[in-house]
Amino acid sequence: MKVIKIDKNIWAGGIDSLRSGYRLFGPVMQGDAHEYKELTSDETPDMAYTNTRLSPKSVVFPQSEPMFTYSLDENNPEHHILKDAPKDYSPRAVIGMRPCDAKALSLVRMNFDTEEYRDPFWMNSYDATTFVGLACDSPCETCFCTSAGCGPYHEEGFDVLLSDCGDAYEAKALTEKGEKLLAAAGWTAEGDASVFEPKKAEAEAKIVCKVESSNLRGKNSLDLYDAPFWKELSFACINCGTCTYACPTCWCFDIQDENKGTEGVRMRNWDSCMTSLFTLHGSGHNPRDQKHQRFRQRFMHKLKYFVDKYDKGLMCVGCGRCVQQCPANIDIRTICNKMNGYEAAS
Amino acid sequence: MESYIGKIKEISERLLNDGTVECVVGFRKGTVALTNEPCMITKASDVQDLVWDENCRLNLANYLTGRKEKIAVIAKGCDSRNIVNHIIENKISREQLVIIGVPCKGMVDKNNPEVLQANCATCLHRNPVIYDELCADLVEEQKEVDRYEDVRKIEAMETQDKWAFFEDLLTGCTRCYACKNACPLCYCPTCFVDESQPQWIGKGTDPIDIRTYHFLRAYHCAGRCTDCGACEAACPQNIKMRHFTKKLEKDCNELYGWEAGLTVDQRPPLDSFKVDDPDKFIM
Amino acid sequence: MKNLMEHMGVEPGRLQFSWISSAESTKFVDVVTKVTESVKALGPNTNYVKKSGAKG
Amino acid sequence: MQNPYKAYPVRIDDIQVATADKTLRTFKFVFLNPEDEEKFSYHVGQFAELSIPGQGEIPIGIASSPSEKGFVMFTVFRTGKVTSHLHNMKVGDIMGLRGPLGNWYPIENLEGKNIVIIGAGFAFTTLRSTIKYLLEPENRKRYGRLDVIYGARNPGMILYKDELVEWEKRDDINLNLTVDGTDDPDWKYHTGFVPTITETQAPQGDDDTYAILCGPPMMLKFTKPVLDKLGYQADHIFMSLENRMKCGIGMCGRCNIGKELVCKDGPVFTLDKLNEMPEEDQ
């Protein structure tokens with residue numbers, strides 16, 4: 001595995017060199033917070049960011065995305081037949097992503113890349129992207145990644161991992177894709193691989209918030225489902241979509257047709273299990289009509305169903321976004337601990 | 001306001017112990033800074049969990065909608081006005097409620113605890129307008145505050161600048177609907193955004209759909225909004241959507257001399273007709 | 001309704017209200033003519049129109 | 001790999017009003033590209049997304065049998081935006097068909113066994129597909145006794161009446177029709193709810209007898225204990241469920257019950273399996 005040293009004075013130049021071969025995405029200040037967006041030719045990623053409100057999942061899974069186009073004009077010989085929407089799957093790169101967000105994408109991938117079906121939109125975007133991570137040396141107080149199978153120097157899902165060493169980045173190339181990007185940027189100076197271990201230990205030590213989840217795998221799913229605490233825990237929840245949209249591991253979506261005159265687009269939009277429409281049957285029946293049912297679904301999915309289905313740990317990477325942003329202070333850490341400690345009365 | 005909590009606990013404990021109410025709706029300490037969590041206390045022994053400080057931003061009237069039991073609710077000025085709305089709109093009955101009034105000194109901004117939340121800074125109804133118990137002496141209401149400075153600034157703009165102002169205002173909206181879900185007025189069983197027959201509004205992130213959502217929602221709050229600020233407090237993107245509701249509030253005030261939620265004895269203007277109702281907008 | 005529409009940047013005149021009894025045929029003609037003229041003067045609406053579907 | 005969200009273009013070939021109240025219509029679709037019919041090779045009990053560009057998609061059980069070639073058939077209740085639009089479409093109109101989706105009734109594993117088919121309401125569609133398939137001469141001989149219990153609200157709401165009349169004449173199928181109630185003096189079949197009729201008409205359960213159920217939640221709920229009483233083992237009962245769906249391929253996340261996705265891991269589950277899954281609605 002190659003380690004390259006990138007002097008900060010050649011950083012911006014390298015980014016510029018990448019523009020011809022990649023669509024670049026990165027964190028930039030938007031209003032009062034950092035968000036990921038596609039960089040214009042005069043923007044460089046702001047590597048001093050703490051955390052973004054929304055995760056970079058939108059780089060591979062935009063909130064609204066056209067799937068197909070169609071014509072409703074009966075004079076058009078191909079009317080009412082779905083046509084592939086124009087897509088740009090040329091190489092793209094996310095610069096300055098956090099380890100939690102990269103791990104999240106590799107978890108979400110299991111949903112979109114299955115034995116039976118492959119989601120072409122998500123997968124093509126994912127495959128087109130080179131993920132350049134920035135290790136996290138100063139975590140937020142709501143971060144609990146080390147309890148969620150992740151960590152500030154976690155490498156899963158990255159092609160390159162950067163560590164900020166003052167006037168230079170040490171860049172660890174983790175995949176061929178990563179090496180290619182470093183070369184394309186013209187970053188070639190040999191780096192020092194030994195900085196990663198001590199910095200990792202130091203960063204991990206800063207994450208003081210711990211969440212217990214070790215018992216979840218062994219719990220009976222029906223016991224947890226029937227646990228008496230759901231109504232109480234969900235009391236404050238207003239059933240908005242804040243947590244689901246901010247979450248890097250939430251992938252649920254809706255499919256909608258949008259027409260303009262005789263032309264139209266079949267779109268997919270992020271959806272949220274917090275809304276009652278999400279599960280409303282045509283008959284009017286709704287299996288998750290009540291707030292606590294939707295609330296339970298969200299946490300059972302992340303902390304139990306996913307754990308059972310894939311055996312890859314939680315569907316949570318401990319980024320803390322939902323904790324920070326929830327208008328009603330619903331805290332997944334509290335809920336995870338509660339589920340983990342729950343013993344059904346026999 | 002921290003000093004209120006002793007009295008709040010005392011009242012709550014008494015009401016639960018003597019069976020006057022089945023539960024108390026209030027706040028408990030949050031798990032992150034500058035946040036408290038709405039909660040429902042059903043056991044007198046749990047009243048210790050209750051807190052009161054400048055971070056009780058959400059409007060607790062929102063948690064009363066359609067409930068059937070006897071409830072004690074802790075209500076600052078705006079909460080009490082929304083309780084009045086709820087009573088007028090038959091979302092809860094007065095008889096079900098014991099209102100523990102909180103003379104409010106204003107909530108602090110969720111991003112900057114040094115300043116008051118914008119709506120609190122210009123609030124004219126800090127004291128509860130309806131209550132059964134009080135946890136402290138009433139506070140003096142603010143005077144000479146200019147409630148509509150922001151509205152007038154926009155009113156003075158050219159049409160295109162107005163358009164651009166709101167375009168900019170709504171940047172970042174993900175339509176998570178925290179604003180409408182935190183709003184005690186938004187209790188419709190099916191919100192217009194979820195209707196499919198007809199479908200009023202697209203479901204994606206097109207700026208036109210986002211704008212349509214916000215201004216139509218604001219209309220549904222016309223003559224009802226108490227400017228409690230729960231929408232802005234809830235917004236994870238810090239969008240100032242009160243720019244919509246404030247305009248309607250100002251118009252209701254100027255055209256009909258109406259402020260929402262002050263009394264259960266008067267029907268709201270959009271719900272009643274008077275021969276001298278202004279009709280300048282009709283050509 | 002009209003006030004907030006104009007407040008958020010929809011041109012005055014794009015939204016108009018009138019009250020016409022079924023007996024007031026002349027008023028109807030009058031109003032329709034006036035509205036048509038004023039809307040023509042404003043030209044096509046450019047603000048409150050969806051530009052396109054979201055970008056991929 | 002084929003884009004799993006892309007529908008095969010189809011033409012509406014036939015539309016029949018299916019019930020007296022006209023809330024159900026039966027549509028036959030023909031593939032515009034004949035090779036797509038090959039790709040759309042399905043099993044009994046599967047469903048498909050009817051895809052109407054400009055309106056949206058709806059998941060509907062396939063009512064035709066794999067043994068019926070040249071078309072695919074669906075019976076659709078008019079309820080929402082897409083189904084209302086579909087009910088107004090004409091023969092010759094173009095739309096899309098996406099699938100086949102989900103798992104199926106595992107009848108291939110039931111050779112030599114007795115099969116009881118229990119259905120109610122609009123959900124009889126995939127059961128019609130199953131019965132039609134089982135009654136094909138080359139298939140019928142591979143199975144034991146075949147019982148069918150089918151209930152509707154009233155005689156006018158019974159689907160596929162002509163076929164039922166034909167099936168009733170046969171001696172290799174025991175058909176039990178029932179309605180919740182009727183004032184029709186000519187009604188010569190059962191009156192009563194499906195669970196009640198099941199109790200008196202279904203054969204006793206044993207190692208060689210399997211039940212296939214599809215119907216509204218209430219009917220399923222009350223038929224389960226009846227089958228239990230008749231001695232059916234939980235792994236001998238197959239139930240087809242429904243939930244709101246969008247993608248139909250296990251990705252969009254809304255149709256789960258516990259960790260199972262109704263669209264992909266289902267819609268057919270054994271009662272055994274269902275007993276391990278949370279009962280939503282609580």
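In strand E8 of chain A, A:Val160 is the bridge partner of A:Val132. This is a predicted model. The pairing belongs to strands E7 (residues 129-134) and E8 (residues 160-164) of chain A, which run parallel and are joined by three bridges.

- Seven strands of chain A form an open sheet with mixed pairing.
- Their order is E1-E9-E8-E7-E6-E2-E3.
- The edges are held by strand E1 (3-7) and strand E3 (33-38) of chain A.
- Each edge strand has a single partner strand, so one side of each lacks a neighbour in the sheet.
- From one strand to the next, the twist averages 25°.

**Helix packing in chain A**

- Helix H1 (residues 11-18) of chain A packs on helix H5 (residues 176-185) of chain A at an angle of about 110°.
- The axes of these two helices are 7 Å apart.
- H1(A) is therefore roughly perpendicular to H5(A), as angles of 65 to 115 degrees fall in that class.
- From H1(A), the contact uses A:Gly14, A:Ile15, A:Ser17 and A:Leu18.
- From H5(A), the residues they meet are A:Leu181, A:Ala184 and A:Ala185.
- The residues of this contact comprise five nonpolar, two polar and no charged.

**Domains of chain A**

- Chain A is assigned domain 1 (3-76 + 88-206) and domain 2 (216-341).
- The C-alpha centres of domain 1 and domain 2 of chain A are 25 Å apart.
- Domain 1 of chain A puts 33 residues into the contact, and domain 2 of chain A puts in 30 residues.
- On the side of domain 1 of chain A that touches domain 2 of chain A, strand E4 (64-71) and helix H3 (99-112) of chain A are the elements that give two or more residues.
- That side of domain 1 of chain A has 18 nonpolar, nine polar and six charged residues.

**Domains of chain B**

- Chain B divides into domain 1 (4-134) and domain 2 (149-269).
- Taken over C-alpha atoms, the centres of domain 1 and domain 2 of chain B are separated by 24 Å.
- The contact draws 23 residues from domain 1 of chain B and 20 residues from domain 2 of chain B.
- On the side of domain 1 of chain B that touches domain 2 of chain B, helix H2 (77-88) and helix H3 (118-121) of chain B are the elements that give two or more residues.
- H2(B) gives the most to this side, with eight residues.
- The residues of this side of domain 1 of chain B are nine nonpolar, nine polar and five charged.

**Chain C**

- Chain C has two helices and zero strands.
- Of the 56 residues in chain C, 9% are buried.

**Contact between chains D and A**

- The contact involves 34 residues from chain D and 40 residues from chain A.
- On the side of chain D that touches chain A, strand E4 (56-61) and strand E6 (94-101) of chain D are the elements that give two or more residues.
- E6(D) gives the most to that side, with three residues.
- By class, the side of chain D that touches chain A has 14 nonpolar, 12 polar and eight charged residues.

**Cis peptide bonds in chain D**

- The bond from D:Gly99 to D:Pro100 is cis, with omega near -5°.
- D:Pro100 lies in strand E6 of chain D, the element that gives the most to the side touching chain A.
- The bond from D:Gly266 to D:Pro267 is also cis, with omega near 10°.
- D:Pro267 sits in the loop between strand E14 (260-261) and strand E15 (268-270) of chain D.

- A:Asp311 is not a glycine, yet its phi is positive, near 55°.
- A:Asp311 is in the loop between helix H10 (291-310) and helix H11 (321-325) of chain A.
- A:Asp311 counts as exposed because it has 8 C-beta neighbours inside 10 Å, and the cut-off for exposed is 12 or fewer.
- B:Asn90, another residue that is not a glycine, has a positive phi of about 55°.
- B:Asn90 is in the loop between H2 and strand E5 (97-101) of chain B.
- With 8 C-beta neighbours inside 10 Å, B:Asn90 also counts as exposed.

Note on methods
Residues are numbered from 1 along each chain as its sequence is written. Chains are lettered from A and ligands numbered from 1 in the order in which they are written. This is a predicted model: local features need pLDDT of at least 70, side-chain atom pairs count only at pLDDT 80 or more; totals for chains, interfaces and linings use all residues. Domain bounds come from an automatic or database domain assignment. Two residues are in contact if their C-beta atoms, placed from the backbone, lie within 7 Å. Helices (H or I, at least four residues) and strands (E, at least two) are DSSP runs, numbered from the N terminus. Ala, Val, Leu, Ile, Met, Phe, Trp, Tyr, Cys and Pro count as nonpolar, Asp, Glu, Lys and Arg as charged, and the others, Gly among them, as polar. Two strands pair if DSSP finds at least two bridges between them. Axes are lines fitted to C-alpha atoms, for helices over the stretch in contact, and angles run from 0 to 180 degrees between N-to-C directions. A residue is buried if 20 or more other C-beta atoms lie within 10 Å of its own, exposed if 12 or fewer, and partly exposed in between; C-beta atoms are placed from the backbone. Angles under 35 degrees count as roughly parallel, over 145 as roughly antiparallel, 65 to 115 as roughly perpendicular and the rest as oblique.
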